[in-house]
Amino acid sequence: MRHIVIVFLGGLLVACGGAKVDQSTVLNPNNPKGVKGSVIKNKVTMAEGSVMNAVDTTPKDIEALMTFLTSDDLQGRDTGSDGITKAADFIESIFSRNNIQPYFNSYKDTLENYSDGTAYNVVGFLPGTDSDLKNEYVIIGAHYDHIGIISGDDSDTIANGANDNASGTTAVIEFAKYFAQTKNNKRSIIFALFSAEEKGLLGSKHLADKLLTQNLDLYVMLNFEMIGVPMVNKDHSLYLTGYELSNLAEVSNKYAQKNLVGFLPKAKEFNLFRRSDNAPFHDKFNVPSQTFSSFDFTNFGEYHKVGDEASLMDYNFMSNMVNEVKPMLEGIINAPLKEVKYN
């Protein structure tokens, strides 16, 4: 998760969204090129007898989004670059085609706290269908920026950022498409793709500040970060940062009707709750704001390197996970009462 860095022998952790990290750092020294899922004994698959329907996400859906977002033409999606503008235009076009409204006057919301060029979040909106619950909001978010051009080997200097965080961006786009098709969200949904996360969570800070001035009735903020490869030998697909702070995992598993979300001790040890785009919403609104991830510190060794390529992502895992999360989101968004609470 951005700027999660283990420096061996030094025991240091660089906060996500902070200063530039040492690109030579290896998160998983035993598997420096990462893994795709072949090492997972119990890889997630579609349940026997299950039927795909029109709004299920397929591996091909995932591949199409990931291929564009991680293409060399986007030059690593550095904040303020031409490459990330292309990514923003791409996301905007998907929102528009699926009749997802811009939350503000346009989909692109320029960051007021970024001065090194122009940067913007991409913010879509689906109004709720329930006359009362539509005044309550759920934010589903991920950051779509990465670190751009870095020092690599002679043949590659583009940090394409597949796992970090084209994977989370892809999931949010698929969730947006799903709810746009089903139109079954009683609460209103904001789909937020953040820029400048790698510069210090600037995109999410900007949006949290802006929504606070509107007195937005925010119920929960659900963030997705580094979900491109499955965890190793776990009985759940995702872990939740700040797991013990709320009942979100319990509620999530209830609606998923399986053990979808679990606890990762490393996430607590390195305080990942503070190191992704959920944190500014927690700070400003004091409502459950947490991140779902499958990066377990052993399953991917290409963090912030040129090797973070789409070829290392597991599209079967990603599509299954997205489909498993959809009923979880539906349950939370449509519950008659705000049942997700901080402890």
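**Close-up views of a predicted model**

**View 1. The loop that carries T118.** T118 lies in the loop between β2 (108-110) and β3 (120-126), where strands (E, at least two residues) and helices (H or I, at least four) are DSSP runs numbered from the N terminus. Once its neighbours within four places in sequence are left aside, T118 is in contact with G80 and T110, contact meaning heavy atoms within 4.5 Å. T79 and T118 are 39 residues apart in sequence, and their C-alpha atoms are 8.1 Å apart in space. The structure is a predicted model, in which local features need pLDDT of at least 70 and side-chain atom pairs count only at pLDDT 80 or more, while totals for chains, interfaces and linings use all residues. Residues are numbered from 1 along each chain as its sequence is written, and side-chain values use heavy atoms, with hydrogens and water left out.

**View 2. The packing of α1 with α2.** Helix α1 (residues 59-69) and helix α2 (residues 82-97) pack with their axes 10 Å apart and at an angle of about 150°; axes are lines fitted to C-alpha atoms over the stretch in contact, and angles run from 0 to 180 degrees between N-to-C directions. The two helices, α1 and α2, are therefore roughly antiparallel to each other, the term applying to angles over 145 degrees. From α1, L65, F68 and L69 meet K86, A87, F90 and I94 of α2. By class, this contact of α1 with α2 has six nonpolar, no polar and one charged residues, with Ala, Val, Leu, Ile, Met, Phe, Trp, Tyr, Cys and Pro counted as nonpolar, Asp, Glu, Lys and Arg as charged, and the others, Gly among them, as polar.

**View 3. The buried face of α1.** I62, L65, M66 and L69 are buried in α1, buried meaning under 20% relative accessible area (1.4 Å probe, protein chains only). Seen down the axis of α1, these buried residues fall within an arc of 95°, so they line one face of the helix; the arc is that of the directions from the helix axis to the C-beta atoms. The buried residues of α1 pack against α2, α3 (162-182) and α8 (315-334).

**View 4. Helix α5 and its surroundings.** In helix α5 (residues 248-256), the buried residues are L248, A249, V251, S252, N253 and A256. They pack against β8 (218-224), β9 (238-240), β10 (261-262), β11 (289-293) and α8. Just after α5, Q257 takes a positive phi of about 60°.

Notes: Angles under 35 degrees count as roughly parallel, over 145 as roughly antiparallel, 65 to 115 as roughly perpendicular and the rest as oblique. Buried means under 20% relative accessible area, exposed over 50%, partly exposed in between (1.4 Å probe, protein chains only).
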